[in-house]
Amino acid sequence: MELTPIAHIENDFPTKFGLPRQSGMAEHLTSAIVMEPPFRAPEAFRGIEDFEYLWLIWLFEPMGKREWSPTVRPPKLGGNKRMGVFATRSPNRPNPIGLTRVRLLALEHTADKGVVLTVSGADLMNGTAILDIKPYLPFADSVPDAMTGAYGPSQQEPLAVVIPEEIAALFSPAQLDTLREVLAYDPRPGYQTDPDRQYGFGYAGYDVRFIVKENTATVTDAVKIN
């Protein structure tokens, strides 16, 4: 079986660490879906603007090829509990394919890139290959009261977020809202709880540094990435 990427995503996250853990957890994070030349026919998108949300089927390729294992240790569950790979969202799968729900914000026909979709709420890093796009249907795709197994309640208690004014000034309002959302849901692996340890991730051209102490994520620095 041969799969051909139909598009790539462009956004402010160059690496995996710092990405929202699931789609929809950072609704202010906007991404552009840029179609590959063979898939830019405008008629392929006829009617898509009548849908508020879309499913993206994509490849874990930018995160690095890994060998799959029948059991994994999900970082958010503390990194010590082994679970069956098919009972997790781990990228260490037999086939490196992901599924993400995004909100469609706009469709644009551009001179240089053809059709470009602007979406929000993606949990994909910059450069991720998209295999397919499908409309989201609430009556078929949503089960609000479904059991969530070891992941527990669907709503995680968010952290308070503190971003000093001089660092906040480096980002646009939308980028700042995204940064707050990402930090509120604590991007650290569940087994890393040292309140004095400084963590960092690439975002919007900066290496953003932060600590988490007493249920508060505080940004300590943001260094321009050359």
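**Notes on the strands and one surface patch**

1. Let's start with a pair of strands: β11 (residues 206–213) and β12 (residues 216–224) run antiparallel and are joined by eight bridges. Within that pairing, Arg209 has Asp221 in β12 as its bridge partner. Keep in mind that this is a predicted model.

2. Now the sheet these two belong to. Four strands make it up, in the order β9-β12-β11-β10, and the sheet is open with mixed pairing. At the edges sit β9 (160–162) and β10 (199–203), each of which pairs on one side only. On average, neighbouring strands here are turned by 30 degrees against each other, direction ignored.

3. Next, the link between β10 and β11. These two run antiparallel, with five bridges joining them, and Tyr203 has Tyr206 in β11 as its bridge partner. Together β10 and β11 form a hairpin with two residues between them. If you look at the turn, Ala204 has a positive phi of about 50 degrees.

4. Is β10 mostly covered or mostly open? Mostly covered: four of its five residues are buried.

5. Helix α3 (residues 173–184) lies across β9, β10, β11 and β12. Against β10, α3 runs at about 145 degrees.

6. Elsewhere in the chain, have a look at β8 (residues 129–135), which is joined antiparallel to strand β1 (residues 7–10) by two bridges. Here Ala7 stands opposite Ile130 in β8. Strand β3 (residues 53–59) also runs antiparallel to β8, this time with five bridges, and Leu56 stands opposite Ile133 in β8.

7. Last, the surface. Which residues make the nonpolar surface patch of about 380 Å²? They are Met1, Leu3 and Ile97. Of these, Ile97 lies in strand β6 (residues 97–110). Why does Ile97 count as partly exposed? Because its relative accessibility is 35%, and partly exposed covers what falls between under 20% for buried and over 50% for exposed.

Note on methods
Residues are numbered from 1 along each chain as its sequence is written. This is a predicted model: local features need pLDDT of at least 70, side-chain atom pairs count only at pLDDT 80 or more; totals for chains, interfaces and linings use all residues. Side-chain values use heavy atoms; hydrogens and water are left out. Two strands pair if DSSP finds at least two bridges between them. Axes are lines fitted to C-alpha atoms, for helices over the stretch in contact, and angles run from 0 to 180 degrees between N-to-C directions. Contact means heavy atoms within 4.5 Å. Patches are made of residues with over 30% relative accessible area and no salt bridge: like charges are joined within 9 Å, nonpolar side chains (Val, Leu, Ile, Met, Phe, Trp, Tyr) within 5 Å. Accessible areas come from the Shrake-Rupley method with a 1.4 Å probe; for residues, only the protein chains shown count as cover. A salt bridge is a side-chain nitrogen of Lys or Arg within 4 Å of a carboxyl oxygen of Asp or Glu. Buried means under 20% relative accessible area, exposed over 50%, partly exposed in between (1.4 Å probe, protein chains only).
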